[in-house]
2 protein chains.
Amino acid sequence: MRPDVHATATERLEAVGQRYTEQRRRLVELLQREGQPLTIPDILRGLPDMKQSSVYRNLADLEQADVVRRVATEEEFGRYELTEDLTLHHHHLICRSCGRVEDITIPVDLERNVDRTLDRVARRSGFASVAHRLDLIGTCRECAASPG
Amino acid sequence: MRPDVHATATERLEAVGQRYTEQRRRLVELLQREGQPLTIPDILRGLPDMKQSSVYRNLADLEQADVVRRVATEEEFGRYELTEDLTLHHHHLICRSCGRVEDITIPVDLERNVDRTLDRVARRSGFASVAHRLDLIGTCRECAASPG
DNA sequence: CTTCCTGCAAAAGTTTTGCATTAAC
DNA sequence: GTTAATGCAAAACTTTTGCAGGAAG
């Protein structure tokens, strides 16, 4: 299995002169438990006694330490998940109706094909150290059943 | 070539009971001219005499008429581009340092492979009518040259 | 002349910041 | 003890909204 998430978080925070406090650990645990990108409101709901300013500040610090990352969405507030190397490389199924984000993996051969090709495409444009983001946009089962 | 952008915009706006006004045409022209997703500040800079509230309102209307769409980024403000069928199916090169977004296309066979595979993956999860979003995240030539 | 659009200003919502206090090392 | 994290409240910034005046059909 992969190295312990908390040990890694501690290391990475220390590397930038910061501490793995109780609150930060609780944020990481929540993100790990939910296993999918959470919005700020989600997080506030999941950790009701954590102050809003602490949530923002700690997520910013965790992001800088490369423990979490902000996920790009069309929504009005941020969504965060654990950094990829603390989970597994994966993609998102995004429901365009309710905004729900679900983690998925895709076949390894497609993954490899995508990686190789994009690397070539990027090099042509002078882009370096490229990662990819491959998301699926559609309508989830529930929204298909009860539109609105 | 594809049908005229302005004719299409007119149609689609009329379909939802709205008009293709001067301001909306200028927004479409700017997005067309720049050929890449623009942030609200970009747009305000590009159309200095357009009021901020009009920009927001018109982009919202154009989005509802399916003439423009909001692009997902990790930034704090919105980015918009013309709807895909008014341009061509494409992807984005996103610089993680300066945030610049550049349009690219990828080889058709990869495109087809991605499409087919994702369709299968989505179906397994109960997702319907799936589109994909495939972006490249890296460092652009300029930021690689002068980091900061 | 009716409907939609625009400008202005104010409000709402999300995120950031200052500062005194508390906790971690 | 020294440095970093937290809580609280206020501020900053992005986006939305109400309403009166103006333009379009």
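Reader: How do you know that the length of helix H2 of chain A agrees with its 13 residues?

Author: The model is a predicted one, and the check is made on its C-alpha atoms. Helix H2 covers residues 22–34 of chain A, and at 1.5 Å a residue these should span 18 Å. The C-alpha atoms at its ends are 18 Å apart, so the two values agree.

Reader: What makes the buried residues of H2(A) line one face?

Author: The buried residues are A:Arg24, A:Leu27, A:Val28, A:Leu30 and A:Leu31. Viewed along the axis of H2(A), they fall within an arc of 160 degrees, and therefore they line one face of the helix. Their cover includes helices H1 (5–15), H3 (40–46) and H4 (52–64) of chain A, together with strands S1 (38–39), S2 (68–71) and S3 (79–82) of that chain. Just after H2(A) comes A:Gly35, with a positive phi of about 65 degrees.

Reader: Are A:Cys143 and B:Cys98 buried or partly exposed?

Author: A:Cys143 has a relative accessible area of 13%, and buried means under 20%, so A:Cys143 is called buried. B:Cys98 has 42% relative accessibility and counts as partly exposed, because that class lies between buried, under 20%, and exposed, over 50%.

Reader: What makes the relation between chain A and chain B that of a two-fold axis?

Author: Chain B is superposed on chain A by a rotation of 179 degrees with 0.0 Å of shift along its axis, at an RMSD of 0.1 Å. That is the relation of a two-fold axis. In chain B, the C-alpha nearest the axis is that of B:Leu134, 2.2 Å from it.

Reader: How do you know that the copies meet through the same surface?

Author: Of the interface residues of chain B, 100% are also interface residues in chain A, so the surface is the same in the two copies.

Reader: Which residues have the most contacts inside the largest nonpolar core?

Author: They are A:Ile106, A:Val114, A:Leu118, B:Ile106, B:Val114 and B:Leu118, in a core of 28 residues. In chain A, strand S4 (91–95), helix H5 (108–124) and strand S6 (128–139) each supply at least two residues of this core, as do S4 (91–95), H5 (108–124) and S6 (128–139) of chain B. Leaving aside neighbours within four places in sequence, B:Val114 is in contact with A:Leu110, A:Val114, A:Leu134 and B:His132.

Reader: What puts the buried residues of H5(B) on the same side?

Author: B:Leu110, B:Glu111, B:Val114, B:Thr117, B:Leu118, B:Val121 and B:Ala122 are buried. They cover an arc of only 145 degrees around the axis, so they lie on the same side of H5(B). The face turned away from that side carries the exposed residues B:Val108, B:Asp109, B:Arg116 and B:Arg123.

Reader: How do you know that the span of H5(B) agrees as well?

Author: Its 17 residues should span 24 Å at 1.5 Å a residue; the end C-alpha atoms are 25 Å apart, which agrees.

Conventions. Residues numbered from 1 in each chain as written. Chains lettered and ligands numbered in written order. Predicted model: local features only at pLDDT ≥ 70, side-chain atom pairs only at ≥ 80, totals over all residues. Heavy atoms only, no water. Helix = DSSP H or I, 4+ residues; strand = E, 2+ residues; numbered from the N terminus. Expected span 1.5 Å × (residues − 1). Buried < 20%, exposed > 50% of the residue type's maximum accessible area, 1.4 Å probe, protein only. Arc of directions from axis to C-beta. Contact = heavy atoms within 4.5 Å. Least-squares fit on C-alpha atoms with pLDDT ≥ 70 in both. Core = buried A, V, L, I, M, F, W, Y, C linked by side-chain atoms within 4.5 Å.
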